[in-house]
Amino acid sequence: MRSIVGGAIKFMQEDFKEHKKLFKSLKDRQNPHTLFIGCADSRVVPSLITSTAPGELFVVRNIANIVPPYRVGEDYLATTSAIEYAITSLKVKNIVVCGHSNCGGCEALYDEKSLEKTPNVKKWLSLLDDIKDQILELDLAKKDLAMRSWLTERLNVLNSLQNLLDYPGLKDTVLEQKISLHAWHYIIQTGEIYEYNIDQKHFVLLAKKEK
């Protein structure tokens, strides 16, 4: 905790002053251009891997970067309400769903014993049961645990992107090209980010687009 406090003091004394004008412009309202949906994993830092400043990203994080199907419920729907707010109230222009390598949530999906003491996590991950069933039908995934996790991470991102289209008004907004959807897979150990290419139907390494 000492390092956290030290970091906070450094922010107040140095970093804030360096970006004082930016923070002043943000004091009354936010206008982020992108909704970034990522994993709660401490190794995944949205602003770091996208080189963005405060005010640019509206970030939603949860275990295994899952976008649940849209519904209106009597319970507390944190992820759903945050996405709903970003789309409806903030009117973001882009949505990025970012999975990552070595995702503990995706791995735990296949090890129910590891979830015995975390019933809420187990319930949350049950949203991926259909993906789990698809993966376990593949002989390659049964033999190669690393491949199983890799496939799960990527199918999870694509499934989340599909679930987004059920959020009120989003499908029409996408068709009108007023908002763009992106599925990313971030590789922690190399720093590489892959994006799903709809035309090629597979993930490709992000690269600068030709002008």
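Analyst: Start with V121. Setting aside neighbours within four places in sequence, V121 is in contact with I63 and L115. Contact means heavy atoms within 4.5 Å.

User: What should I know about the model itself?

Analyst: The model is predicted: local features need pLDDT of at least 70, side-chain atom pairs count only at pLDDT 80 or more, and totals for chains, interfaces and linings use all residues. Residues are numbered from 1 along each chain as its sequence is written, and side-chain values use heavy atoms, with hydrogens and water left out.

User: Where does V121 sit, and why is V121 called partly exposed?

Analyst: V121 lies in helix α6. Helices are DSSP runs of H or I with at least four residues, strands are runs of E with at least two, and both are numbered from the N terminus. The relative accessible area of V121 is 21%. Buried means under 20%, exposed over 50%, and partly exposed in between (1.4 Å probe, protein chains only). The value of 21% falls in between, so V121 is partly exposed.

User: What makes A64 buried?

Analyst: A64 has 0% relative accessibility, so it counts as buried. It is found in the loop between β2 and α4 (78–88).

User: Which residues does A64 touch, leaving aside neighbours within four places in sequence?

Analyst: A64 is in contact with C39, C103, G105, L125 and N156. A64 and N156 are 92 residues apart in sequence, yet their C-alpha atoms are 8.2 Å apart in space.

User: Why are C39 and C106 called buried?

Analyst: Their values are under the cut-off. C39 has a relative accessible area of 6%, so it is buried. C106 has 2%, so it is buried as well.

User: Why is α7 called oblique to α9?

Analyst: Helix α7 (residues 129–136) and helix α9 (residues 145–164) pack at an angle of about 140°, with their axes 10 Å apart. That makes α7 oblique to α9. The classes are roughly parallel under 35 degrees, roughly antiparallel over 145, roughly perpendicular from 65 to 115, and oblique for the rest. The crossing is right-handed.

User: Which residues of α7 and α9 meet?

Analyst: On the α7 side they are I131, Q134, I135 and L136; on the α9 side, R148, L151, T152, L155, N156 and N159. By class, this contact has 5 nonpolar, 4 polar and 1 charged residues. Ala, Val, Leu, Ile, Met, Phe, Trp, Tyr, Cys and Pro count as nonpolar, Asp, Glu, Lys and Arg as charged, and the others, Gly among them, as polar.

User: What makes S51 and Q177 exposed?

Analyst: S51 has a relative accessible area of 68%, so it is exposed. Q177 reaches 73%, so it is exposed too. S51 lies in the loop between α3 (46–50) and β2 (57–62). Q177 lies in the loop between α10 (170–175) and β4 (180–186).

User: What is the phi of S51 and of Q177?

Analyst: S51 has a positive phi of about 55°, although it is not a glycine. Phi of Q177 is near 60°, again positive in a residue other than glycine.

User: Why are D111 and V5 called partly exposed?

Analyst: D111 has 37% relative accessibility, so it counts as partly exposed. V5 has a relative accessible area of 41%, so V5 is partly exposed. D111 sits in the loop between α5 (104–108) and α6 (119–125), while V5 sits in helix α1 (residues 2–18).

Terms used
Axes fitted to C-alpha atoms, helices over the stretch in contact; angles between N-to-C directions. Left-handed = near helix turned anticlockwise from the far one by under 90°.
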